[in-house]
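My entries follow in the order in which I made them.

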Amino acid sequence: MGPDVTVLGAGIAGLACAIACAQRGRSVEVIEQAPRLTEVGAGLQIAPNGWRVLQALGVMPRSRESRAVHLIDGPTGRSVIRMPLGPSFHLMHRADLIEALAARATELGVVLHLGKRVTAIRDEGRSVIFAGGGECAARRLIGADGARGASRGFVAPDHRGTFTGQVAWRAIVPVQDWPDEAQVHMGPGRHLVCYPLRDGRSLNIVAVEERAAWVDAGWSHQDDPDHLRAAFAGFAPSVRDLLARVTAVNLWGLMDHGATPDWHRGICTLIGDAAHPTLPFLAQGANLGLEDAFTLAGSLDDGAGWQGSRRPRVTRALAAAAGNARNYHLSGLRRVVGQGALRTLGRVAPTAPLRAFGWLYDHDVTAAS
Ligand SMILES: Cc1cc2nc3c(=O)[nH]c(=O)nc-3n(C[C@H](O)[C@H](O)[C@H](O)COP(=O)(O)OP(=O)(O)OC[C@H]3O[C@@H](n4cnc5c(N)ncnc54)[C@H](O)[C@@H]3O)c2cc1C
């Protein structure tokens with residue numbers, strides 16, 4: 001017999017789920033297509049709801065605490081509102097999180113099979129087929145292989161995302177003495193988010209622009225930094241100075257998949273982006289994946305019931321992320337009115353806008369375990 005649990009994908013959700021299952025005494029294997037565990041060079045914001053899961057898993061990645069979210073008018077550089085954050089909002093490099101998760105998984109005896117790409121899943125999840133031949137038998141299968149993995153195609157073969165009309169660039173640039181806050185520079189049809197990483201000498205940038213068309217939904221499309229600079233040429237000098245330092249940049253087409261209609265088939269259950277690829281406007285994709293991982297480990301033999309209890313919360317988070325994109329990109333009178341209201345709020349109750357997300361950040365999936 002193989003291990004109790006087979007996890008497809010050694011991303012954030014897959015490794016977290018492997019750890020959570022191992023903590024519950026299960027034998028676990030993880031199958032990953034990449035020959036080495038590396039991550040795209042980019043940052044990640046982990047909110048209290050995801051941080052609590054990392055703590056429960058005994059995973060402590062290198063990170064910086066984030067003190068605030070600062071909304072800034074892009075074209076003028078004027079502050080709109082600086083919203084202080086409570087504890088447990090963390091900024092980290094994705095590679096640091098993957099490294100910490102992999103180390104903890106290994107410590108708990110999880111077996112990692114690298115360089116094995118899954119091409120098909122058969123027999124209601126009991127049989128996993130590899131590129132170049134070979135297969136393995138699974139007793140419980142967890143599909144954590146992301147939005148373009150094999151398990152999503154197995155559980156929901158007809159579900160396709162649609163292009164949102166937005167693309168995102170990601171880059172890291174050198175800085176000095178950057179405040180421990182996430183800044184969101186907003187302008188008509190575009191916005192740019194930046195925050196410091198590691199020792200505070202590098203700044204993670206995610207810049208989003210509305211566009212009519214996109215053909216490549218992949219995560220590793222290289223772009224010319226001049227395209228990024230041109231898209232934000234109308235922003236204030238503070239942003240243009242940052243973008244002048246960009247030497248390499250990746251570009252993504254942002255697809256809206258909604259939550260995949262089914263997260264469970266046979267013995268296979270989807271988690272993370274495989275179940276619900278999440279737009280980045282609320283910085284919650286990885287956080288929700290961590291929650292999925294932890295909760296599913298406690299309901300391993302009831303994937304259908306688990307998805308029923310998880311779906312309302314995930315659906316609400318997906319809708320909130322889509323709403324943020326609209327608010328960041330306002331133009332004309334709506335921008336003037338919207339920013340005016342936020343400035344007033346910033347003077348009297350700067351924590352109020354984020355308190356409205358208490359349902360998201362205060363939720364503790366580890367409390368009942
Ligand atoms: C621009 C941008 C910014 C973001 N910022 C944030 C943020 O600040 N905070 C946040 O919480 N989220 C953020 N997200 C979302 C977050 O990155 C994702 O939700 C998260 O990485 C999903 O993790 P996952 O483990 O589910 O999937 P993935 O990270 O996609 O991992 C899937 C794994 O499966 C492997 N795999 C795939 N196919 C196969 C196969 N056929 N066989 C074997 N292995 C396979 C892959 O190699 C990979 O290792 C952002 C996303 C974007 C696009």
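Entry 1: Helices here are DSSP runs of H or I with at least four residues, strands are runs of E with at least two, and both are numbered from the N terminus. I noted that the model is predicted, so local features need pLDDT of at least 70 and side-chain atom pairs pLDDT 80 or more, while totals for chains, interfaces and linings use all residues. Residues are numbered from 1 along each chain as its sequence is written, and side-chain values use heavy atoms, without hydrogens and water.

Seven of the ten residues of α2 (residues 48-57) are buried, so the rest of the structure largely encloses the helix. Among them I listed Pro-48, Trp-51 and Leu-57.

**Entry 2: Ala-13.** I found Ala-13 in helix α1 (residues 12-23). Is Ala-13 buried or exposed? Ala-13 is buried, at a relative accessible area of 12%. I looked up its contacts (heavy atoms within 4.5 Å). Beyond neighbours within four places in sequence, Ala-13 touches Ala-144, Ile-271, Gly-272, Gly-289 and Ala-293. I also took the C-alpha separation of Ala-13 and Ser-66, which is 22 Å for 53 residues along the chain.

**Entry 3: strands.** I counted two strands as paired if DSSP finds at least two bridges between them. Strands β5 (residues 68-73) and β6 (residues 79-84) run antiparallel with five bridges, and Ala-68 faces Pro-84. Five residues lie between the strands of this hairpin, and Gly-77 has a positive phi near 80° there.

Next I traced an open antiparallel sheet of three strands, ordered β9-β10-β11. β9 (118-122) and β11 (135-137) are the edges; each has a single partner strand, so one side of each lacks a neighbour in the sheet. β10 (residues 127-130) is joined to β11 by three bridges, and Ser-127 stands opposite Ala-137.

**Entry 4: Val-337.** Last, I looked at helix α9 (residues 332-348), which holds Val-337. Val-337 is exposed, with a relative accessible area of 54%.

Notes
Buried < 20%, exposed > 50% of the residue type's maximum accessible area, 1.4 Å probe, protein only.
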